Amino acid sequence: MRKRRSSSAPALPVRRAFQRLLLSWYRRHRRDLPWRKTTDPYRILVSEIMLQQTQVDRVVPKYHEFLLRYPTFEALAGARVRDVTKAWYPLGYNIRPVRLHSIACETVERYGGRLPDEPEQLQQFKGIGRYTAGAIATFAYGKAAPILDTNVARVLHRIFLKRGVAKKQRAQLWALSESLIPKKAAYDFNQGLMDFGAMVCTAKQPLCPACPMTRFCKSYPFKLVNRVNRVTTAAPACRQARRRRGGRRNGQANGR
């Protein structure tokens, strides 16, 4: 009996085209990041916790500094929590170093200093959610585990769904992420998804002309669609506002 394809999964030719194009794009444009030069589970964990709600350029110097001070699970577990929090400065969200310390202690006490490699087991740690568990399983242990952070959710929603709001479609997007990941190239595919969302399919100004997915992207051209919507819905009000201001331009700042 043939296994039925998930309703969230695109047709096989589209999945294969997306995988091929994303991997090809990643080989040419991937970012040079220090945590991509290691498969040490501890270093991958530190990078993933630091990257939660913090931009990459702020994380890189602190990542190096933190690992010099606490190079292993054992070193971190043996430190005082207040010292770990001080070493975390100025990344903020100081619950993160507390949880990282707790993960280190549990890893040493329960697992002999080796972080588990199964996503389900990783999620038993306080501070490791489904995304972080998938990232560790993929980037440290080479498993084909799905990931879904803000960038990945945006990419998958725009290309394959378009309708609805991404934040309210998490279950569908997780299923979609799982259906797309190629088992033999999971590492590059998942890293590519994140880079693609950060560099091409960005939140405010996606680079649609440079996108290799235009052939099957359901939101293409994203900027043109939104520009048309703004013109048709906002133009009369804008014209009235300009007349009231004596014709002054109403500037609008773009930012992330």
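Contact is taken here to mean heavy atoms within 4.5 Å. The structure is a predicted model, in which local features need pLDDT of at least 70 and side-chain atom pairs count only at pLDDT 80 or more, while totals for chains, interfaces and linings use all residues. Residues are numbered from 1 along each chain as its sequence is written, and side-chain values use heavy atoms, with hydrogens and water left out.

With neighbours within four places in sequence set aside, Arg-58 is in contact with Pro-90 and Leu-91. Arg-58 belongs to helix α3, where helices (H or I, at least four residues) and strands (E, at least two) are DSSP runs numbered from the N terminus. The C-alpha atoms of Arg-58 and Leu-91 are separated by 7.5 Å, and the two residues are 33 residues apart along the chain. Arg-58 has a relative accessible area of 39% and is therefore partly exposed; buried means under 20% relative accessible area, exposed over 50%, and partly exposed in between, with a 1.4 Å probe and protein chains only.

Leu-91 is also a partner of Thr-54, which contacts Val-59, Leu-91 and Arg-96 when neighbours within four places in sequence are left aside. Thr-54 is located in the loop between α2 and α3 (56-69). At a relative accessible area of 8%, Thr-54 is buried.

The protein contains 12 helices and zero strands. Of its 256 residues, 44% are buried. Among contacts between residues at least 6 apart in sequence, 63% join residues at least 24 apart.

Two helix pairs were examined, with axes as lines fitted to C-alpha atoms, for helices over the stretch in contact, and angles running from 0 to 180 degrees between N-to-C directions. Angles under 35 degrees count as roughly parallel, over 145 as roughly antiparallel, 65 to 115 as roughly perpendicular and the rest as oblique. Helix α9 packs with helix α10 (residues 170-180) at an angle of about 85°, their axes being 10 Å apart. The pair α9 and α10 is therefore roughly perpendicular. On the α9 side the contact is made by Ala-153, Leu-156, His-157, Phe-160 and Leu-161, and on the α10 side by Arg-170, Gln-172, Leu-173, Leu-176, Ser-177 and Leu-180. By class, these residues comprise seven nonpolar, three polar and one charged; Ala, Val, Leu, Ile, Met, Phe, Trp, Tyr, Cys and Pro count as nonpolar, Asp, Glu, Lys and Arg as charged, and the others, Gly among them, as polar.

The axes of helix α1 (residues 12-29) and α11 cross at roughly 75° and come within 9 Å. Helices α1 and α11 are therefore also roughly perpendicular to each other. Residues of α1 in this contact include Phe-18, Trp-25 and Tyr-26, and those of α11 include Phe-189, Phe-196 and Met-199. The α1 and α11 contact divides into nine nonpolar, four polar and two charged residues.

Voids were located on a 1 Å grid over the protein atoms alone: a cavity is a set of points where a 1.4 Å probe fits but cannot get out, a pocket is an open set with protein on both sides within 12 Å along at least five of seven lines, and lining residues have an atom within 4 Å of a point. Grid points are joined across faces, edges and corners, and a volume is the space filled by probe spheres set on the points. The largest pocket has a volume of about 1000 Å³. It is lined by 29 residues, of which Leu-51, Gln-53, Thr-54, Asp-149 and Asn-151 are the closest to its centre. At least two lining residues come from each of α2 (41-50), α8 (130-139), α9 (150-161) and α11 (186-199), and α8 gives the most, with four. The lining of this pocket has 11 nonpolar, 10 polar and eight charged residues.

One cavity of 30 Å³ or more is found in the whole structure. The largest cavity has a volume of about 110 Å³. Among its 13 lining residues, Cys-201, Pro-206, Cys-208, Cys-211 and Cys-217 are the closest to the centre. The cavity lining divides into 10 nonpolar, two polar and one charged residue.
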